[in-house]
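This briefing is meant for a reader meeting the structure for the first time. It takes up helix packing and then a strand pair, topic by topic.

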Amino acid sequence: MKATFNLFTLKGTKMGIHWTFILLISWILIADGLTGKTAVESLWKIIAVMAAFASVVLHELGHMFAARYYGIPVKEILLLPIGGMTQLKRQPETPGQEIMISLSGPAVNLIIAFALIPFLSGHTPLWRSVPFFLSIDRLNFIFFLHAVNVLLGVINLIPAFPMDGGRVLRGMMELFTTPLKATNIAVWVSRLVSLLFLISGLINANLLLVIAGVVLMLQGTMEKHNALVRDALNNVMLRDILVTDYRTISSSLTLRDALPSLTDYRQPYFVITSNEAPVGVIDRGTLIRNLDKKHIDHPVKDLITEEHPSFDIAMPALSAWESLPPETDMIIPVTSNGNLVGVISRDAIIEYLAMHKHSIAVEEVFS
């Protein structure tokens, strides 16, 4: 089963939804069926969920358009039952850019909430808008939508990663110190907030708060690691860290002809080349799965299903790191004047950083 499903593409950015969203809708229908809810009540509950997710979509689109304003492409927007994530292809270049991009999402929600005020019923009680999965109907739907957008705007401003407030705090700290120190300050604040969530959850026996605290703690650690990598790769060029010990397969070969490469070289990925130029990358598993009578005599280039643009050797290592696929062992060809000169992966960059960190010890071993 696919982890995500693409809804649409806007300005080159894919909008995807995680499969657990289907579980959420299914859970609502099953729970309503077991508790004897009517079809109308269930329908309003699903409409409420869809409206909340529409607010999340607009929140993430706010981030996307703000990033594009600063010339930063967006990889994708992923919707989860707990919210949304906007993945930028590179980090903002200045603290001001990070602050404005981070604030754009909550600003969209607060503008929506403000715009709905004239349509609110004066006698609608606040408590009816909070448990939207229990009591939503045509009378309090607008107030519910207003409350959801207020909550999305305010909660996302909490100064803790991965929420927008954590990034705003980092951007503000970066105005006075280095990016790495700014991240460390924001991470410590994030840990304090996550600790408050954990303590509050344990005292009140609230599992949701406990889970939120754990998530905030883990995300803060991830942000710190990413900041360390970005700091270490500063002023490092791709030519300094590319891997030159690898095996290629000619695009003119059939799968039968490529069998020696599969048996003699245990690479997880192979670069497919044509006249010293890369035409694609194929993982070992795909080659093995197609070892049958139907495909054995087909050119290996026919098995290429995903396109990953090559990196130029003059590219900064940090730009390569931010553009690499999430799979740590996935290799991307590195070219010079169109010709293949090496490959790079997240694993290779991590290994380079580890060796660089312990360079003195390595020199002592081999001296």
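In this predicted model, helix H3 (residues 95-116) packs with H5 at an angle of about 155°, their axes lying 8 Å apart. Because of that angle, H3 is roughly antiparallel to H5. H3 also packs with helix H4 (residues 141-155), here at an angle of about 150° and with the axes 8 Å apart. H3 therefore counts as roughly antiparallel to H4, the cut-off being over 145 degrees.

**H3 and H5**

- The crossing in which H3 passes H5 is left-handed.
- On the H3 side, the contact is made by Pro95, Glu98, Ile99, Ser102, Leu103 and Pro106.
- H5 contributes Asp164, Arg167, Val168, Arg170, Gly171, Met172 and Glu174.
- Sorted by class, this contact comprises six nonpolar, two polar and five charged residues.

**Burial of H5**

- H5 spans residues 164-174 and is mostly covered, with eight of its eleven residues buried.
- Those buried residues are Asp164, Gly165, Gly166, Val168, Leu169, Arg170, Gly171 and Glu174.
- Val168 is one of the buried residues and is also part of the contact with H3.

**H3 and H4**

- H3 and H4 likewise cross in the left-handed sense.
- From H3, the residues that take part are Pro106, Asn109, Leu110, Ile112, Ala113 and Leu116.
- They meet Ile142, Leu145, His146, Asn149, Val150, Leu152 and Gly153 of H4.
- The contact of H3 with H4 has nine nonpolar and four polar residues, and no charged ones.
- Pro106 of H3 takes part in the contact with H4 and in the contact with H5.

**The S6–S7 hairpin**

- Strand S6 (residues 269-274) pairs with strand S7 (residues 277-283) in the antiparallel sense, over six bridges.
- The two strands form a hairpin with two residues between them.
- In the turn, Asn275 has a positive phi of about 55°.

- Thr273 belongs to strand S6, and Pro278 of S7 stands opposite Thr273.
- Thr273 has a relative accessible area of 11%, so it is classed as buried, the cut-off being under 20%.
- Apart from neighbours within four places in sequence, Thr273 is in contact with Thr248, Ile249, Ser250, Ser251, Pro278, Val279 and Leu340.

Notes
Residues numbered from 1 in each chain as written. Predicted model: local features only at pLDDT ≥ 70, side-chain atom pairs only at ≥ 80, totals over all residues. Heavy atoms only, no water. Buried < 20%, exposed > 50% of the residue type's maximum accessible area, 1.4 Å probe, protein only. Helix = DSSP H or I, 4+ residues; strand = E, 2+ residues; numbered from the N terminus. Axes fitted to C-alpha atoms, helices over the stretch in contact; angles between N-to-C directions. Parallel < 35°, antiparallel > 145°, perpendicular 65-115°, else oblique. Left-handed = near helix turned anticlockwise from the far one by under 90°. Contact = heavy atoms within 4.5 Å. Nonpolar A, V, L, I, M, F, W, Y, C, P; charged D, E, K, R; others polar. Pairing = 2+ DSSP bridges.
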